[in-house]
Amino acid sequence: MTYRPIEEGMETDLGRQLSYADYLDLGRLLDAQRPRSDHHDELLFIIQHQVTELWLKLIIHELRSAIALLDADDLAPALKRTARIKHVQKQLFDAWAVLATLTPIEYAQFRDVLGHASGFQSLQYRTVEFLLGNKTPGMTQVFRHDPAAHAQLTADLRAPSLYDSFLRHLRRRGFAVPDEIADRDFAEPYQASPAVTAVFKVIYDDPERHWAAYETCEELVDVEEGFQLWRFRHLKTVERVIGFKRGTGGSSGVAFLRRALDLTFFPELLDVRSTIGT
């Protein structure tokens, strides 16, 4: 057989019905790729970053829901949200392989049309970092030109992160999370606490007794690792395409990205591993 006939009953008269293109608003979505040069590869660069922003939108959606569920002590669906986030992270990681097909000379031929535009300016990326717990108060100033974006990011800066909500959940469950951790100023960068490491040691020393908390800890470690792998692949792709040039947004480029590899969202979940079995 060289063709497949249309099955009887399939809708083909879509003039007055909601179509696939209508539902997904494909007219607007597919019209959003507008290269500023005539270089063949600029379309790849635009689509790569637009798709990344769509996945970040879904991660934010899942993170906000997971935080609300933890605040309500509803762990099971919160874990479902983090499981979905991990699969999205894999999509983001694998996407770098597509961008890595862009050679240095190809990118150099249209890089100037970006001006000072840079992923550093991504509101959604910064929102993900804030929701996960990497709070950098000064970063809100990047969005002063956009009052709505600035207000949203400032609100996320001041609100509990996913990690904060988990620690507060543990305290409500009777674990000895210190008040100065659970009730801290959430706009300030998180500082690791030996007391929190001790809480996690209790959980890891008896996972069967504390299974729900233990499972959540491991889910968070998975998210942390996925984010670090994404950061590393980002660094290596940038290194491959532009070497050690400065970023379009003014950063030091590879050196700036390398420093991000030292950041951690859930420090005590890593620290506790040195205490297990001792």
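**H8 against H10**

I started where Tyr163, Phe166, Leu167 and Leu170 of H8 meet Val196, Val199, Phe200 and Ile203 of H10. I sorted the residues of this contact by class and got eight nonpolar, no polar and no charged. One caution for everything that follows: I am working from a predicted model.

Next I wanted the geometry of the pair. I know that two packed helices are described by the angle between their axes and the distance between the axes. For H8 and H10 I read an angle of about 65 degrees, with the axes 12 Å apart. I also noted the hand of the crossing: H8 passes H10 left-handed.

**H8 on its own**

How many of the residues of H8 are buried? I get eight of 11 in this helix, which spans residues 162-172, so H8 is largely enclosed by the rest of the structure. I wrote down the buried ones: Leu162, Tyr163, Asp164, Ser165, Phe166, Leu167, His169 and Leu170.

I then looked past the end of the helix. H8 is followed by glycine 174, and I read a positive phi there, near 100 degrees.

Serine 193 sits in the loop between helix H9 (179-182) and helix H10 (194-205). Is serine 193 buried or exposed? Its relative accessibility is 12%, and since the cut-off for buried is under 20%, serine 193 counts as buried.

I checked what the side chain of serine 193 reaches, and found the backbone nitrogen of alanine 195 at 3.1 Å. Leaving out residues up to four places away in sequence, I have serine 193 touching Pro178, Ile181 and Glu268.

Threonine 197 was my next stop, and I placed it in helix H10. Threonine 197 also comes out as buried, at 12% relative accessibility. With residues up to four places away in sequence set aside, threonine 197 touches Glu268, Asp271 and Val272. I marked Glu268 in my notes, as it turns up in the contacts of serine 193 and in those of threonine 197.

**H4 against H11**

I went to another helix pair: H4 (residues 75-99) and H11 (residues 211-242). They pack at an angle of about 15 degrees, and their axes are 9 Å apart. Angles under 35 degrees count as roughly parallel, and H4 and H11 are therefore roughly parallel to each other. H4 passes H11 in a left-handed crossing. I sorted this contact by class as well: 15 nonpolar, six polar and five charged residues. For the H8 and H10 contact I had no polar and no charged residues.

**Leu56**

I picked leucine 56 in helix H3. It is buried, with a relative accessible area of 5%. Which residues is leucine 56 in contact with, leaving aside its neighbours within four places in sequence? I listed Leu92, Ser122, Gln124, Tyr125 and Val128.

**Two aspartates with positive phi**

I looked up backbone angles in two loops. Aspartate 25 is not a glycine, yet I read a positive phi of about 50 degrees for it. Aspartate 25 lies in the loop between helix H1 (20-24) and helix H2 (26-30). I have it down as partly exposed, at 32% relative accessibility.

Aspartate 73 is not a glycine either, and its phi is positive at about 60 degrees. I found aspartate 73 in the loop between helix H3 (42-71) and H4. At 24% relative accessibility, aspartate 73 counts as partly exposed.

**The whole chain**

I left the overview for the end. The chain has 13 helices and zero strands. Its C-alpha atoms fill a box of roughly 60 × 55 × 40 Å along the principal axes. Of the 278 residues, 41% count as buried. I also looked at how far apart contacting residues are in sequence: among contacts between residues at least 6 apart, 70% join residues at least 24 apart.

Methods
Residues numbered from 1 in each chain as written. Predicted model: local features only at pLDDT ≥ 70, side-chain atom pairs only at ≥ 80, totals over all residues. Heavy atoms only, no water. Axes fitted to C-alpha atoms, helices over the stretch in contact; angles between N-to-C directions. Helix = DSSP H or I, 4+ residues; strand = E, 2+ residues; numbered from the N terminus. Parallel < 35°, antiparallel > 145°, perpendicular 65-115°, else oblique. Left-handed = near helix turned anticlockwise from the far one by under 90°. Nonpolar A, V, L, I, M, F, W, Y, C, P; charged D, E, K, R; others polar. Buried < 20%, exposed > 50% of the residue type's maximum accessible area, 1.4 Å probe, protein only. Polar contact = N/O pair within 3.5 Å; in protein donor to acceptor, adjacent residues only side chain to side chain. Contact = heavy atoms within 4.5 Å.
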